Amino acid sequence: MSATNTNTGLYVDEHTTFIVRRDLEQPVASECELLVETHFSGANPADTKHVNLLGIYPAVLGYDFCGKVLKASTNSRFHPGDLVAGFTPTGIGRPARYRTYQQYLACPEDMVFLVPANLPPHEAACFSVVTMTAADALYNLFRFPHPGDDIQAGHHQGKSAGPLLIWGVSSSVGLCAVQLAKASGIYPIFVTASPSRHALLRGLGATQCFDYKSPNVVSQVNSALRDGQWDSLDYGFDTVGSHGSAKLMAECVSNGATLVSVVLQDDHRFKMPFATPNQNTTIHPKGAPHPITIPARTADYQHAWKALNWAVVSYGRGFRFPAVEVLEGTAEKALDELKVLGDNGRGFGKLVLAHPLQ
């Protein structure tokens, strides 16, 4: 990477204005980090939502990526030329070198994996954030067994492995959650989604699907529970991330259920999964009087990473993203699409940006 190389990226400034910058500094990787040439960036609603909801600005945008290693530490397990994918840390004050909507980036080695032949690079680029979020919910907050684990042993500590309700499973986190849950032997898996997605979701592992727009959806879920003679519904995962979806889901589950939502909820019964529990993370939630620091959960990160590794190895056989769109073109066009995604306007499937951005 020569000194004449440009580093174009997508940026949010101190006024929370989203802009394209073509003057970003070339990143320099620290010890135990990789310097990567970005080939693809995986888009997530969090890329723009974290600005106002969590106070993460000014910053270059982006978390997910796939690219080629340019430089690695002397004792690294990675080497220049390796094709890798992964995701980068979040939080206020996060170094610009970690952001993925730029031509070159740096990433801690423990957040990177080698891309195998069974996993297309553009799909590897949208892999980590949503898979790790789903895995944190299932294997740390619900404490379900990993794929292949004894359901009565180890981390699961002998708890029942179901029933599980995933609300809004057509979201990317929801699609990951239903496939991981199936691989872990969770049964039954109840899901809500648009009826047009029900056949796909049953193929991915859902036991029974419900229309989340139905005015009787709560009673339908409760009837299915009684029909199956399950005593209670003790696990609920809201993967939509709205107050309305969380409220409806909470009406379906038992009083003592473990409730999880992908965003902070006013209902304090809810826990929030985190894709990056490997380090302390400072955020400033909207409406909060001051920033807060979420303490690291190092062991939980390893539990979730174990599930991600299973998904990588199993891609195309027991785990997949049903729809991935690659966007090529100008940085301005890419930024417009990110804004739409952040407003929940793109619909079903994952969006990936091809680099370099023009």
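**Figure 1. Covering of the buried residues of helix α1 in the predicted model.** Among the elements that cover the buried residues of α1 are the strands β1 (9–12), β2 (18–21), β3 (33–42) and β15 (281–283), together with helix α9 (331–342). Helix α1 itself spans residues 46–54, and its buried residues are Ala46, Asp47, Thr48, His50, Val51 and Leu54. Gly55 follows α1 and has a positive phi, near 70°.

Figure 2. His355 is located in the segment after strand β18 (350–354). A polar contact of 2.6 Å joins the side chain of His355 to the side chain of Ser41. When neighbours within four places in sequence are left aside, the residues in contact with His355 are Thr38, His39, Phe40, Ser41, Thr100, Tyr101, Gln102 and Gln103.

**Figure 3. Crossing of helices α3 and α4.** Helix α3 comprises residues 128–141 and helix α4 residues 172–183; their axes come within 8 Å and cross at roughly 50°. This angle is why α3 is described as oblique to α4. The crossing of α3 past α4 is right-handed. From α3, the contact involves Val130, Thr131, Thr133, Ala134, Ala135, Leu138 and Tyr139. From α4, Ser172, Val173, Cys176, Ala177, Leu180 and Ala181 take part. Of the residues in this contact, 10 are nonpolar and 3 are polar, while no charged residue contributes.

Conventions
Residues numbered from 1 in each chain as written. Predicted model: local features only at pLDDT ≥ 70, side-chain atom pairs only at ≥ 80, totals over all residues. Heavy atoms only, no water. Axes fitted to C-alpha atoms, helices over the stretch in contact; angles between N-to-C directions. Helix = DSSP H or I, 4+ residues; strand = E, 2+ residues; numbered from the N terminus. Parallel < 35°, antiparallel > 145°, perpendicular 65-115°, else oblique. Left-handed = near helix turned anticlockwise from the far one by under 90°. Contact = heavy atoms within 4.5 Å. Nonpolar A, V, L, I, M, F, W, Y, C, P; charged D, E, K, R; others polar. Polar contact = N/O pair within 3.5 Å; in protein donor to acceptor, adjacent residues only side chain to side chain. Buried < 20%, exposed > 50% of the residue type's maximum accessible area, 1.4 Å probe, protein only.
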